[in-house]
Amino acid sequence: MAVTAPATPVHAGSPHDERPLWRRPNLLRAALMFLVGSAFAYVLVGFLRSVNHYPNAWHDWNAVLTVGLLAAPMFFLVGLGAFDYWFYWAAGKPTRPEDHSGHGAYSWRDYFRVNTDHKVIGIQYTVHSFVFLLIGGMFAMLMRAELAQPGMQFVSPNAFNGLFSVHASLLIFLFIIPVFAGLANFVLPLMIGAPDMAFPRLNALSFWLLPIAGVMMLGSFLAPGGSFSTGWTAYAPLSTTAPIGQTFFTVGVQFAGASSIATALNFLVTIITMRAPGMSFFRMPLLVWANFSTSLLVVIATPFIAASQFFVLLDRGLQFNFFNAGKGGDVLMYQHVFWFYSHPAVYIMMLPGFGIISEVLAVKARKPIFGYRMMAFSLLAIVVLGFTVWAHHMFVSGMQAWIRVPMMITTAIIAVPTGIKIFSWLATLWRGVLRLDTPMLFALGFITMFTLGGISGVMLAMIPFTIHVSDTYFIVAHIHYVLFGGSLFTIFAGVYHWFPKMTGRMFDDGLGKLHFWTTFIGFNLTFGPMHLIGIQGMPRRVADYADQFAGWNLAISIASFVLGLSTLVFVYNMVVSWRGGPRAPANPWRALTLEWQVSSPPPVFNFDAVPTVVGGPYEYGVPGAVHGVFREPKVPATTGAPTVAQPH
Amino acid sequence: MLGTVVIASAVGIALGLSIHWFPPAGSTQADKIDTLYDVLIIASVPVFVLVMAVIVFSVIFFRMRPGQELEDGPPIHGNTRLEVVWTALPAALIAGLCTYAYVVLRDIEKKPTAAQAATREMKVKVFGEQFAWTFTYPKDVAGGKEFTTTDLYLPTGRSVDFRIRAKDVIHDFWVPAFRLKMDAVPGIETHYRVTPKRLGTYPIVCAELCGLGHGAMRSSVHVVTPARFRQWLQAQAKPAAPAGASPAQQAAAGKKLFADNGCGGCHALSDAGTSAQVGPDLDKVLKTKDEAFIRQSIVKPDAFVEKGYKPGIMPPNFGQTLSKDELDALVAYLKEVTS
């Protein structure tokens, strides 16, 4: 699993670090600093309240908690060592320009500290995200248990509202968005022939912001009054008047968002400045194009959700009354600002998947991607159009009526670049030599399911239809066809595809196929019928429903448990293969892109020699074509212990 | 392959159109929206069938056979004509659908002309609060005096303009049978209009998450004949149970009030056959309480909040929406069935 090295360099947290344990950057110091941060919040709030002669100055736990949620994680990060190097630099201490002390993984412990190696960070991200997939999925199954029959059986209405709110928040902010960042973190620098990301320390900080957001959202269940229960959309004024659990979402999103923005900046700079010689923009693999487009979306859009949640925080904590209609607040404003991020966010959750599918299909069909340039341009078209459609979430919100029509048109037009991508993938399949292994099955499953999600998306652009089905199970069905059948299928395809590269082991293809078929069938049986009950009149986000929907809901609940259990096949396959699967060769799929030209797993600094790119990334079927060449020293093409680059 | 696509599309469209998707069409607007949906099905099915067909054909005919392990496909990089076609055709399809949808939108939101409408359009105020709907009929309809009720009665064939407001948080006033909904937003008035056309009782559903009792915020709209509507209006002017009525009459009136006001949406009460858990179980909590307490709990629900429940959940305006006689009847009924 970990890259082992005969000569371990002195790295942070290693036994060669002479400082006492509690002063070294590690989880212990982080825990101590977390306590310091909590105390800081308590004293700050108490002091400010007492100098202002507030009643009950030292016992307002809601205020302490609000400030603590902001302050304690920052102290935690300092304790963890995420800022150590920058502190040296800011203090004018001698810094080490070629400091690789935090780089690479030499034992499992190195995955639990601030690590600057993009491959370690990629694995941290991916494994961390899948933990939250399992938790979020479990919440979904609890909801389905409650919904199996009309009436209330297992949970209270408040707990149910909490379940679907945390379910969506975790799967959006702690699974789909970061897992794509994780896969790209591992693969993208290798693909463009770079030794690492442009800003490795920022990269490490980006990752460590995420567990904070995740623990915070989960921790909201322990808050007095229960977890946040206003949906992942947290519409004001419901969210500004909700119990303290809401603050866990409001603040948690800030940490997840900051992580997203920092990573996107990192990707942009890496892609623009660190490509190998010869890799022009139109020789970049489409995964790189996809992450380039996604990062543009993230840096432009994510500040808007940060703003929307800061408004809510100020309303909650300091009575700013941004969204209090009785005090001149504007309720609809929240939705405009929120969706100005959250609609582009659905493309943030989809474009990296498009990239993965392009990589998998070209390799598995043994053909060049059909219409490569149109594939790249359609990504950029989606980026631009993605910013012009947000108000289609607000067709029944009571906003100014005329906005609906232009938003309907732009929404429908996005189907054109998306259609170009689907048709180009189909043409790539045509006359290829298809390897129908697990990654390919997930890729094909993705195309069919995402087409359905896209079709229901065009239907939802049509205002008169949306007026009827908005806020119903039709929306639940649509979003799961897009994010589960779409995004999650591409994530599975990508994880299987790069599993040999990431771990140096092969997965069990038989179990992989079992995983695909159980997921594919369970998925359709779960979410297909939701279209129907939505149109028939079942609203979303309800713990109880009219008796007429009882039959379908029971069927959906049963199917959802099949779907949930299918994930266990995946987890088993991953764990067992990682521990004891057959050793993976450097290039098991005979792919052309650069990440497959180094050993599996790759050396600590990726390339012993900088590769030179001499052609396109998908020249399958062209006799003798290569994408990149290595001048000496030659990179070992065999398996076994990878070459260890010296830290200098 | 083309033949397969055509046949499969035809079968798919037939299947799609034969499914009973919608609840009964209760308004003139509903018919137009249902037709739009049929058109969307007809346009969508061939697209999906085409994608599926290409994948299934590729899997069958182009899958790797034994001995092909090292073979590649032909290095086809693209085809400009094909790419232009699959950009232009979907764009044209979408342009058509958008135009049609726009026409439908204009149609369903249009104010009926005097010639079309047998009677003048009626403005009904809809007021959403956690977790109940109340409706206010205007003076000209109610015969000189505006009145507020928790029952929504509408005559067929007469256009209604719902003027929608919210008190606390955002709600959404949705009648699936009418196919129309609109958010009730604090601070602004929203609206939509509808012409009911089919007799019957249909659900009213809150479609925007509004808190704890969101799932229970359901009610009914009764679409009746114009004659029956006039009768109902006249009945509203009369008290629920005349003063000095016998206890049995009071209890019967109270039971009806309990059902009509949606109390059972939140409270369990065995006599009324309700089992909701949003609010306290009335069979238990009212067992030892007197009439004054019951009256106070209806009129000022936050004066005493049962342990384990939160203040601010129950609508505080029943004191206004219920007349004095109605309140008496409801209190008498609750006292009788819980003690």
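This is a predicted model: local features need pLDDT of at least 70, side-chain atom pairs count only at pLDDT 80 or more; totals for chains, interfaces and linings use all residues.
**The loop around P301(B)**

- P301(B) sits in the loop that links α8 (291–299) and α9 (318–321) of chain B.
- Because P301(B) has 20 C-beta neighbours inside 10 Å, this proline counts as buried.
- G319(B) lies 18 residues away from P301(B) along the chain, and the C-alpha atoms of the two are separated by 10.0 Å.

**Chain B as a whole**

- Chain B contains 10 helices and 12 strands.
- With a radius of gyration of 28 Å, against the 20 Å that the globule rule gives for 339 residues, chain B is well over that value and therefore more spread out than a compact globule.
- The C-alpha trace of chain B covers about 95 × 55 × 35 Å along its principal axes.
- Buried residues make up 36% of the 339 residues of chain B.
- If you take the contacts in chain B between residues at least 6 apart in sequence, 66% of them join residues at least 24 apart.

**The five-stranded sheet of chain B**

- Five strands of chain B form an open sheet with mixed pairing, in the order β3-β2-β1-β5-β8.
- At the edges stand β3 (147–149) and β8 of chain B; each has a single partner strand, so one side of each is left without a neighbour in the sheet.
- On average, neighbouring strands of this sheet are turned by 25° against each other, direction ignored.
- Strand β2 (residues 132–137) of chain B pairs with β3(B) in the antiparallel sense, over 3 bridges. For F135(B), the bridge partner in β3(B) is T149(B).
- Strand β1 (residues 122–129) of chain B pairs with β5(B) in the parallel sense, over 7 bridges. Here G128(B) has A166(B) as its bridge partner in β5(B).
- β5(B) and strand β8 (residues 190–194) of chain B run antiparallel and are joined by 5 bridges. In β8(B), Y192(B) is the bridge partner of F162(B).
- Strand β5 (residues 160–166) of chain B has 5 of its 7 residues buried, so this strand is largely enclosed by the rest of the structure.
- When you look at the strands, keep in mind that side chains in a regular strand alternate between the two faces of the sheet.

**Helix α2 of chain B**

- Helix α2 (residues 28–61) of chain B has 34 residues, and the distance from its first C-alpha to its last is 51 Å, close to the 50 Å expected at 1.5 Å a residue.
- The buried residues of α2(B) include Q29(B), A30(B), I33(B), L36(B), Y37(B) and L40(B). Also among them are S44(B), V45(B), V47(B), V49(B), V51(B) and V54(B).

**Helix α5 of chain A**

- Helix α5 (residues 157–191) of chain A has 35 residues, which should span 51 Å at 1.5 Å a residue; the end C-alpha atoms are 49 Å apart, which agrees.
- α5(A) bends by about 35° at N185(A), and the proline P189(A) follows within four residues.
- Of the 35 residues of α5(A), 33 are buried, so this helix is largely enclosed by the rest of the structure.

Notes: Residues are numbered from 1 along each chain as its sequence is written. Chains are lettered from A and ligands numbered from 1 in the order in which they are written. Helices (H or I, at least four residues) and strands (E, at least two) are DSSP runs, numbered from the N terminus. The expected span of a helix is 1.5 Å times one less than its number of residues. A residue is buried if 20 or more other C-beta atoms lie within 10 Å of its own, exposed if 12 or fewer, and partly exposed in between; C-beta atoms are placed from the backbone. Two strands pair if DSSP finds at least two bridges between them. The bend at a residue is the angle between axes fitted to the seven residues ending there and the seven starting there. The radius of gyration is taken over C-alpha atoms; the globule rule is 2.2 Å times the number of residues to the power 0.38. Two residues are in contact if their C-beta atoms, placed from the backbone, lie within 7 Å. Axes are lines fitted to C-alpha atoms, for helices over the stretch in contact, and angles run from 0 to 180 degrees between N-to-C directions.
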